[in-house]
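Student: Please show me how to read the contacts in a model like this one.

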Amino acid sequence: MVKRFGGLVAVDEVSLDVYPGEVVALLGDNGAGKSTLIKCISGVHHADKGEIYFEGRRIRFSRPIDARREGIETIYQDLALANNLDVGANIFLGREVKKRYLGGLIQVLDDAHMRRESEKALNLLEIHFPNLTQPIESLSGGQRQAVAIARAVYWDAKLLIMDEPTNSLGVPEQRKVLELIRKLRDQGVPIILISHTLPDVFAVADRLVVLHRGRKVTEKQAADTDTHEIVQYMVGALDDTRVQ
Amino acid sequence: MLSQVWAWAFLGSLVVFFVIAIQIVSDGTVNFLTIRNSQNILVAITPILLLGLGQTFVIIGAGIDLSVGWVMSLASVLSALAIRAAFNAGLPLPAAVVAGLAAAVAGGALVGLFNGVIIAKLKVPAFIVTLGTSFIVRGIALLLSQNTTVIGLPRGVRSYGNDALIYLIRGEGGGIYFFERPEVTGALLRRMDRILPYPVLMTALVVAIAIFVLRKTQFGRHTYAIGGSQEAALRTGIRVDRHIILLYVMSASTAGIAGFLSTLRFTAGSAVIGDPLLLSSIAAVIIGGVSLYGGAGTVIGTVIGALIIAVLVTGLVMLNVQAFWQFIVVGTVVILAVLIDQSRDLIVGRAKRR
Ligand SMILES: Nc1ncnc2c1ncn2[C@@H]1O[C@H](COP(=O)(O)OP(=O)(O)O)[C@@H](O)[C@H]1O
Ligand SMILES: [Mg+2]
């Protein structure tokens with residue numbers, strides 16, 4: 001994959017494999033290109049070069065909905081929520097459930113159903129909301145993050161991408177998210193996890209990929225490395241592509 | 001919802017104020033709260049409301065449509081030309097009127113399509129596109145009407161634009177009549193009230209549809225989502241471009257209906273009917289609590305906003321206040337409405353809306 005923004009090469013010939021039942025952590029300093037790379041996978045950006053194969057098929061996404069239709073769900077770093085809408089509306093945004101009348105001529109939003117389902121999805125995270133009918137702008141950062149996570153998890157993803165999913169959560173909620181990641185992995189859902197919290201990464205990741213200034217500088221099994229070594233890759237002190 | 005309670009309360013106090021003030025000024029001879037007056041107010045807000053309805057959707061979607069005034073004018077001219085041509089070609093009057101409606105809505109929709117495509121696909125700011133379009137449409141409307149009123153419509157058109165559902169004559173020799181205008185003259189005619197004129201009914205129907213669409217359908221939900229965060233809407237898979245185009249088509253189409261109704265009302269097409277209403281319609285939308293930042297607002301709010309403006313204008317006229325004061329008062333109310341809205345956000349401590 002290659003993605004340029006004008007003269008800047010944000011993603012520079014990075015290759016990445018993810019297999020069912022595995023968590024791949026994507027690491028790197030700020031500006032390393034992590035978010036850009038996953039946005040190429042989720043259909044937000046069009047890669048300038050590169051190919052995506054999903055379940056063995058070559059796929060091309062012109063819009064994010066194409067990726068979602070394939071079963072690729074993404075939790076974005078900026079959450080991508082509509083703060084003026086309530087929890088249910090956000091979890092079902094773009095995929096609203098409707099009641100049909102007159103043979104589908106008139107379709108009415110089924111808000112009650114969407115609210116019930118949203119509650120179920122949130123219960124999975126064991127995060128309880130005082131009020132599901134408030135616009136989410138009245139929620140805390142952590143609660144909103146939970147909504148974004150619940151939205152991705154609700155739709156039975158075939159690939160789950162999480163861009164710093166725990167960064168505004170409290171410690172108990174962070175633990176819940178890590179548990180959820182393990183649970184989904186055990187169900188066979190492949191996960192790409194971007195995180196800066198290395199203990200979290202080592203707690204759940206099977207494989208680690210480190211980017212530095214848009215390039216992939218290493219890829220290691222979690223069992224074969226440690227925090228100290230990974231940090232050196234992240235800051236550019238180590239680089240597997242460099243001829244020693 | 002708080003803001004809507006405010007708006008209702010404000011409207012209510014305005015009515016109370018005018019009832020009392022007009023009683024005092026007229027020494028108890030003039031009453032503000034009459035059937036006739038209420039119907040006059042409804043007739044007056046019809047075009048403002050129709051222009052404001054489409055605008056409500058557009059602004060909730062974080063856009064703006066400055067072209068609706070001249071689109072209404074163009075639609076008035078188009079519908080007059082269509083009715084005249086259809087009637088002269090031998091079509092029965094009802095068919096000719098339907099042709100007029102079709103011409104008005106189609107003409108409006110076409111302008112809306114033009115606006116929407118340039119805004120959504122070419123990413124030109126809505127303010128600029130619709131400003132430019134309003135000049136273009138103005139030129140076309142004046143060309144088509146040859147800078148004069150389009151007349152020569154069949155006489156029967158008048159009753160479509162002015163007849164009412166109910167006629168009420170109180171007192172001696174009076175009665176209540178439905179659908180059919182009673183043939184009366186003199187004192188009886190003077191005592192006759194027209195309740196729910198057809199243009200008001202048609203507008204009410206459009207309002208009801210708009211409330212339903214905004215509150216209960218996926219289209220309405222997506223309108224809020226796009227206004228709240230276009231990026232979020234895009235990433236969840238909403239077809240944002242198509243939606244924005246539809247918003248401008250809707251806005252111009254309701255302006256088209258407004259133009260059609262004005263043609264029926266005056267039995268003539270006019271290229272200068274709509275422009276003075278543009279700012280009133282935006283004022284109604286803003287007084288009604290629609291956020292210019294997008295993402296917030298309701299159709300009912302716009303209805304209340306239009307009612308507030310109409311009550312103000314009618315009340316001031318009945319108080320014999322010089323007409324120029326209307327502008328000063330309406331302008332002050334617009335600014336106050338936004339100030340109240342903002343201070344509420346400050347008090348509630350909501351995050352700044354973008
Ligand atoms: N939409 C964009 N337009 C221009 N430059 C961008 C855009 N998005 C990201 N970049 C740039 O690309 C580089 C990689 O950014 P990003 O992928 O967000 O890094 P990370 O997520 O690893 O912190 C940065 O230099 C950033 O400034
Ligand atoms: Mg990032």
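Student: How many residue pairs are in polar contact between chain A and chain B?

Tutor: A polar contact is a pair of N or O atoms within 3.5 Å; within protein, one must be able to donate a hydrogen and the other to accept it, and residues adjacent in sequence count only if both atoms are side-chain atoms. Between chain A and chain B there are nine such residue pairs, both residues at pLDDT 80 or more. This is a predicted model: local features need pLDDT of at least 70, side-chain atom pairs count only at pLDDT 80 or more, and totals for chains, interfaces and linings use all residues. Residues are numbered from 1 along each chain as its sequence is written, chains are lettered from A and ligands numbered from 1 in the order in which they are written, and side-chain values use heavy atoms, with hydrogens and water left out.

Student: How many salt bridges are there between chain A and chain B?

Tutor: A salt bridge is a side-chain nitrogen of Lys or Arg within 4 Å of a carboxyl oxygen of Asp or Glu. The two chains share two salt bridges. One of them joins B:Arg221 to A:Asp111, with the closest N and O atoms 3.0 Å apart.

Student: Which atoms of the protein does ligand 1 approach?

Tutor: Oxygen atoms of ligand 1 lie 3.0 Å from a polar backbone atom of A:Gly33 and 2.8 Å from one of A:Lys34.

Student: How many residues does chain A bring to the contact with chain B?

Tutor: Contact means heavy atoms within 4.5 Å. Chain A brings 26 residues and chain B brings 22.
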